[in-house]
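This report describes selected features of the structure shown below. Please have the sequence and the 3D view at hand while reading.

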Amino acid sequence: MDPSSLTSNKEGSQGYQALYDGLQADAMPKHVTLFLDGASRGQLKDIARICCDLKIKVLSVFTFSSGKDYQNLLMSKHEEIHDVATNIMKLDLEDLSRVSVIGKRTVIPDSLLEIIRDVEETTKKNKSLQIIEAIDYTGRGDIIQACMALAEKVEHGLIQPDDVDENVFQQELETKCSEFPNPDLMIRTDGKYSIDNFMLWQMAYAELYFVEKDDFGFNKTKFIEALDAYQKRSRRFGGK
Amino acid sequence: MRYNINDLLSSILAFELFLRSGYGCGRGFSEDILQDIDGKICGQNDNIVFILLWHVIHLIVRVIYLAQEVLRAIESYLVTNGFVTTYQPLNLNRVKYLGIVIDSDEARQISEVIQLLDWLSAIGVKKVCLYDREGVLKKSKEVLVERFSSAKLSNEDSKIDPIFTKTQMQFEFVSISDGKEAVAKAANLLFNKYYLDGDTEKPFFTEADLSNALKTLGVVEPDPDLLFIYGPARCHLGFPAWRIRYTEIVHMGPLKHKKYGLILKAIHKYTKVKQNYGS
């Protein structure tokens with residue numbers, strides 16, 4: 001397949017054209033989840049560009065932190081999300097990325113909340129790629145907040161308990177902000193083999209791709225490798 | 001001369017495609033250096049010598065990774081047959097609860113499942129959670145429990161190290177109904193308990209509340225420490241999401257291609273892992 005047919009931008013990303021050789025446009029995942037360690041965080045801009053080129057619709061990002069000080073964690077997250085959003089808006093693409101943030105907003109300082117709202121508002125009209133940033137997010141916490149949201153609906157008579165099934169539950173999770181809430185592919189970059197309490201419900205049928213850690217870190221080449229491996233796998237979503 | 005170089009280039013490209021079809025589009029640190037050159041070299045269609053050199057380097061890298069795959073297969077053979085003892089003895093204190101996910105089609109080959117459990121019993125694993133989406137293993141519950149419910153001494157028919165003796169195993173059988181469906185039912189329990197009666201206090205649900213609700217539905221086992229996945233897809237196929245927060249997940253390939261050596265290696269590797277449990 002001609003690599004240029006994969007890209008939405010006919011002019012740009014010439015340096016990436018060789019990387020796309022071998023990938024199939026019709027087998028591209030719609031939603032990719034990235035577990036990024038701090039060292040690989042700088043690659044996010046390039047990976048976002050590749051996602052735009054390959055028409056991947058959603059990129060959700062979970063970044064590990066090494067610091068235990070919560071305030072420092074939030075400040076580093078502030079810098080990271082502002083940096084990602086700013087970099088995205090500077091990309092020379094026709095359709096820019098939409099940034100969404102999931103996690104417990106109740107524990108985020110007001111100054112950071114304002115920045116998050118500003119970024120979400122500024123980028124909400126962008127269509128080509130949605131980037132979901134997780135801040136203070138846990139999979140179990142997401143399930144619990146969905147329980148509480150449904151409990152309020154039950155209390156107000158909007159829904160009966162017996163009406164709550166998997167589909168109704170899914171619609172209350174934080175990933176309801178996305179057209180494609182369930183990851184097709186999960187990539188973890190730090191050499192560990194767990195999903196660390198992230199999107200537990202949503203990743204029921206996600207392909208799990210664990211990258212061995214090396215001195216060179218995770219980069220766009222390894223991201224393409226992960227996509228290639230994903231396309232070679234047989235996915236049946238639990239069916240026959 | 002140009003015609004001959006073109007022929008050689010075509011042959012190398014064809015072989016590259018063959019390797020790429022089996023081993024992905026490139027791995028390792030070498031690709032990071034090579035791909036930066038790719039855009040410059042391959043764009044220059046007139047410079048056939050550089051293109052040829054580039055593809056030769058590509059080919060060498062792929063051959064290296066093919067050799068690594070072969071070595072891995074040989075290692076598994078050596079470990080399985082006891083020639084390599086690197087992964088013994090195992091510290092099974094860290095693997096208190098092992099989860100096994102099997103593709104439902106493969107789970108129908110009950111003899112393969114029994115052989116796998118035979119090996120795990122010989123290694124010393126005591127508690128196993130068996131999952132397949134359609135509940136095929138649940139239907140074989142009586143057969144499996146009866147076979148592994150009593151302690152046995154060394155099995156002379158097995159190629160397993162005679163130092164290992166089989167241990168009595170405890171099983172949990174799980175399917176898709178114990179996953180998302182169970183969480184939805186647990187939520188219903190909480191709603192019925194706290195939110196239908198207008199007089200009772202409305203609590204803010206916590207993980208403990210949902211865990212207790214799941215226990216009421218019969219989900220009482222702990223979270224697996226390690227999860228083996230047997231099947232074509234590297235996916236846990238809907239294993240109860242509530243229970244795999246920090247579970248290490250290892251894809252072992254198709255069940256029919258299982259290897260005793262790879263199981264030992266995977267367990268040994270897990271026992272050496274430092275887990276931060278989200279911190």
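In chain B of this predicted model, Gly99(B) stands opposite Leu227(B), a residue of β4(B). The strands concerned are β1 (residues 98-102) and β4 (residues 226-230) of chain B; they run parallel and are joined by five bridges.

Both belong to an open sheet of five strands in chain B, with parallel pairing and the order β3-β2-β1-β4-β5. Its edges are formed by β3 (170-174) and β5 (248-253) of chain B, each of which pairs on one side only. On average, and ignoring direction, neighbouring strands of this sheet are turned by 20° against each other.

| Helix | Residues | Strands it lies across | Angle |
|---|---|---|---|
| α5 (chain B) | 110-123 | β1, β2 (127-131), β3 and β4 of chain B | about 165° to β1(B) |
| α10 (chain B) | 260-271 | β4 and β5 of chain B | about 150° to β4(B) |

Chain A can be described by its overall content. Its secondary structure comes to six helices and six strands. Read from the N terminus on, the elements of chain A follow the order β-α-β-α-β-α-β-α-α-β-β-α.

Chain A has 240 residues, and 57% of them count as buried. Among the contacts in chain A with a separation of 6 or more, 74% are between residues 24 or more positions apart.

Notes:
Residues numbered from 1 in each chain as written. Chains lettered and ligands numbered in written order. Predicted model: local features only at pLDDT ≥ 70, side-chain atom pairs only at ≥ 80, totals over all residues. Heavy atoms only, no water. Pairing = 2+ DSSP bridges. Helix = DSSP H or I, 4+ residues; strand = E, 2+ residues; numbered from the N terminus. Axes fitted to C-alpha atoms, helices over the stretch in contact; angles between N-to-C directions. Contact = heavy atoms within 4.5 Å. Buried < 20%, exposed > 50% of the residue type's maximum accessible area, 1.4 Å probe, protein only.
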